[in-house]
Amino acid sequence: VAIALALALLVGGAGLADAAEDLKACKAEDLASAVKATAELLEQKNMTLTYAMKDKVILALATALDPRAEFVDKARLDAIREAEKGIFWDAGIKVEFKQNWPMVEDVVKGGPASGADVKAGDRIEKIGEFSTQGATHAKVFELLRAGDKAGITLSLRAKGRSEEPRKVEIKRKKEPAGALSAAEQWPQNIAYIRLNGLFEGAGAQLIDKIQAVANAKTYGLILDLRGAGGPDLAAAADAAAFFTKPGAPLFKVEDGSGREIRAYPAREAAALDISLMVLVNGETRDAAETLAALLSRCKDVLLIGEATSGDDRIRDVVILPDGRQLRVATARVAMAGGAGYRDTGVAPAIEIPADLAAREAAAYVPEESEGFQSDLTEKEKDDKALRARIGGDAVLKRAVDILMSLKALDMRGR
């Protein structure tokens with residue numbers, strides 16, 4: 001509060017010094033009540049401040065402790081609520097990444113893009129006016145889902161063609177994304193799961209899929225949390241329970257005063273005899289980041305990639321006296337044992353910087369399909385298929401290499 005008041009005094013305005021004393025006396029117990037108290041004092045004092053100046057004072061207080069605090073209108077709040085439920089604009093295309101570009105892997109039958117001039121193998125060079133060269137997975141999916149209108153324009157270049165890209169208009173539909181964007185069984189007894197996010201009510205999909213992988217006697221599992229978010233902390237605890245002693249404390253949610261709101265112990269779950277590689281980056285956030293933090297402490301689990309977003313805050317909307325809404329942190333995730341991940345993020349055991357991954361993706365040249373000849377052994381065919389699936393993804397390649405090495409040595413994870 002003192003820091004925020006100092007910032008408020010710097011932006012100016014008559015009477016703020018007197019208001020500082022009143023605010024200190026109100027004994028606000030957490031950030032949300034402090035913000036609300038500040039807004040009420042500004043109204044009570046009837047200070048000679050413009051609305052813009054009052055906004056600066058309130059936002060100075062909020063952002064001093066929560067850099068992502070923001071005023072929200074109904075449209076913005078509706079978009080946030082839909083995102084928490086995993087409801088996004090859907091263009092009806094499946095995307096893969098090759099040589100530093102997003103590509104159309106497939107067009108969903110009957111989906112929004114099925115009636116447009118979109119074909120598998122097209123390179124997506126722009127989404128709207130944004131160039132996608134070198135863009136992260138999360139950024140591309142964010143752009144495909146963004147906006148308050150259904151229409152979206154893609155600039156597409158046909159596979160192997162040199163002419164100018166064509167512009168295609170797609171009328172998207174709002175659809176639930178689901179927890180998983182991929183769940184695949186690969187050669188060499190490796191399973192791959194990519195998480196969209198731990199959205200409300202969607203966590204069971206991840207739990208069921210992990211259990212199915214275990215039942216299939218899979219040697220290694222790659223869990224891709226890059227770009228994943230979602231608010232379902234219970235699902236994060238449930239997923240981590242496969243690798244944790246039942247009943248062990250995992251984390252708790254605390255309010256701004258450090259009071260416990262809810263504790264999350266590990267549920268009863270059969271321990272999995274499987275090596276787990278977890279892929280993370282700076283866009284691994286919210287409940288997915290909590291899951292990464294939990295798994296980073298588990299036996300037979302290895303994190304690979306970049307440090308996660310470093311944000312343990314849980315946000316809610318505070319209604320101000322004038323009826324406006326401020327979305328701001330009102331609670332936080334506190335990890336058992338005390339070591340958290342605010343600001344620093346969850347550090348991977350094996351770090352692969354984004355610039356290195358981008359260079360490897362740009363340099364990747366797919367193998368010729370003629371390699372699947374009759375003179376190859378089944379193992380060689382499997383190896384070739386696995387390399388093709390990995391493509392130019394340096395982080396994914398490292399995970400597969402480690403699993404293959406452990407398997408060759410008949411070992412599990414660390």
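Visitor: Why is Gly203 called buried?
Guide: Buried means under 20% relative accessible area, with over 50% exposed and partly exposed in between (1.4 Å probe, protein chains only). Gly203 has 4%, so Gly203 is buried. This is a predicted model: local features need pLDDT of at least 70, side-chain atom pairs pLDDT 80 or more, while totals for chains, interfaces and linings use all residues. Numbering starts from 1 along each chain as its sequence is written, and side-chain values use heavy atoms, without hydrogens and water.

Visitor: What does Gly203 touch, not counting residues up to four places away in sequence?
Guide: Contact means heavy atoms within 4.5 Å. By that rule, Gly203 touches Leu198, Asp232 and Ala235.

Visitor: Where is Gly203 found?
Guide: In helix α7, residues 203-215. Helices are DSSP runs (H or I, at least four residues), strands likewise (E, at least two), numbered from the N terminus. Helix α7 lies across β10, β11 and β12.

Visitor: What makes β12 and β15 a pair?
Guide: Two strands pair if DSSP finds at least two bridges between them. Here 5 bridges join β12 to β15, and the two run parallel.

Visitor: Why are β10 and β19 placed at the edges?
Guide: The open sheet runs β10-β11-β12-β15-β16-β19, with mixed pairing. β10 and β19 each have a single partner strand, so one side of each is left without a neighbour in the sheet.

Key: Axes are lines fitted to C-alpha atoms, for helices over the stretch in contact, and angles run from 0 to 180 degrees between N-to-C directions.
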